[in-house]
Amino acid sequence: NGSLYNLPRELPDKIARPHRGLFILKENERFLKDNVEKEFENKTGAKFNENDIYQPAKDYLLSREECTHAVVIGGSMFGKKWGTPDILGAIRADSDAVYSPLLEVIAVEIKDEGYSPVEALGQAMAYKLFAHRTWLILPDDNDLDRIEGIAISANIGLISFSRKGDGFDFVTLNRPASGHPDFVEVNNNLEELKRKDKKRYNEIIKNEKD
């Protein structure tokens, strides 16, 4: 016991120690380098796509109490250009609350690397038609300084994200105040969600998952 550390010195032709605490047969050293380590490097350096960010972003918004309920939407459920947010949320009290404020709808747009700032801001602005608060979640890059200024003046929430190990690290740069969407558009979108996906509708509007 306690003498394993010296094996590579005593048996240099048979035992290798490629990393601290890792001892392998010398004959497997090339396999480790050519396969296992290469695969690990590819995995950790792999590009991510927008869909990978949806759930972590939703969890971040809920943990920061920027919304009380949220579901991932994405795609083109509402059938309009720039009309379907990636995450749809709500700020509302549970049914048994003593005081129940008015329902607020939250719309979130997420962009991955290589996004167009003009398109991202345009989509967030379009969501203000049916959402009380809109958010942009963007990669932490050189464009954020300019975008943050526009987001503040347009009352759009802004969150940056960066890779952190296997997950993402989020930072809130600007919080939006509650706005005044068109009540017809609010009702139309919620009715469309109810018609196409009643489970997700119940989850954010009625706090029911079944």
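Y60, F161, F168 and F170 come together as one aromatic cluster. Here, rings of Phe, Tyr and Trp (its six-membered ring) pair if their centres lie within 6.5 Å, and planes under 30 degrees apart count as stacked, over 60 as edge-to-face and the rest as tilted. Before going further, please keep in mind that this is a predicted model, in which local features need pLDDT of at least 70 and side-chain atom pairs count only at pLDDT 80 or more, while totals for chains, interfaces and linings use all residues. Residues are numbered from 1 along each chain as its sequence is written, and side-chain values use heavy atoms, with hydrogens and water left out.

**The aromatic cluster and its hairpin**

The whole structure holds six aromatic pairs. One of them is F161 with F168, an edge-to-face pair with 5.8 Å centre to centre and 80° between the planes. The pair of F168 and F170 is tilted, because its ring centres are 6.5 Å apart and its planes stand at 45°.

| Residue | Relative accessible area | Class |
|---|---|---|
| F161 | 3% | buried |
| F168 | 16% | buried |
| F170 | 10% | buried |

Now for the strands. Helices (H or I, at least four residues) and strands (E, at least two) are DSSP runs, numbered from the N terminus. Strands β7 and β8 run antiparallel and are joined by seven bridges; two strands pair if DSSP finds at least two bridges between them. F161 has F170 in β8 as its bridge partner. Two residues lie between the strands of this hairpin, where G165 takes a positive phi near 65°.

**Two nonpolar cores**

A nonpolar core is a set of buried Ala, Val, Leu, Ile, Met, Phe, Trp, Tyr and Cys residues joined through side-chain atoms within 4.5 Å. Which members of the largest core touch the most other members? They are V108, I110, I137 and F170, out of 17 residues. At least two residues of this core come from each of α3, β5 (104-110), β6 (133-139), β7 (157-164) and β8 (167-174). Helix α3 gives the most, with five residues. Another core, of 16 residues, lies apart from it and has M77, F78, Y201 and I204 among its members. In soluble globular proteins, nonpolar side chains tend to be buried together.

Not counting residues up to four places away in sequence, V108 touches L61, P85, D86, I87, Y127, W135 and I137, where contact means heavy atoms within 4.5 Å.

**Helices α7 and α6**

In helix α7 (residues 198-206), the buried residues are Y201, N202, E203, I204 and I205. Their cover includes α3 (51-63), β3 (69-72), β4 (87-91) and α6 (183-196).

Helix α6 is also the place of E185. E185 counts as buried because its relative accessible area is 18%. Beyond its neighbours within four places in sequence, E185 is in contact with K80, L129 and F130.

**A cavity**

On a 1 Å grid over the protein atoms alone, a cavity is a set of points where a 1.4 Å probe fits but cannot get out, and lining residues have an atom within 4 Å of a point. A search of the whole structure turns up one cavity of 30 Å³ or more. The largest cavity has about 30 Å³ of space, and its lining is made by F78, L88, V105, F130, V186, N189 and L190. Helix α6 gives the most to that lining, with three residues.

**Two loop residues with positive phi**

Most residues other than glycine have a negative phi, and most peptide bonds are trans. E65 is not a glycine, yet its phi is positive, near 60°. E65 sits in the loop between α3 and β3 and is exposed, with a relative accessible area of 69%. N155, also not a glycine, has a positive phi of about 60°. N155 belongs to the loop between α5 (144-153) and β7, and at 23% relative accessibility N155 is partly exposed.

**The chain as a whole**

The protein chain has seven helices and eight strands. Of its 210 residues, 40% count as buried. Among contacts between residues at least 6 apart in sequence, 50% join residues at least 24 apart.

Conventions: Buried means under 20% relative accessible area, exposed over 50%, partly exposed in between (1.4 Å probe, protein chains only). On a 1 Å grid over the protein atoms alone, a cavity is a set of points where a 1.4 Å probe fits but cannot get out, and a pocket is an open set with protein on both sides within 12 Å along at least five of seven lines; lining residues have an atom within 4 Å of a point. Grid points are joined across faces, edges and corners, and a volume is the space filled by probe spheres set on the points.
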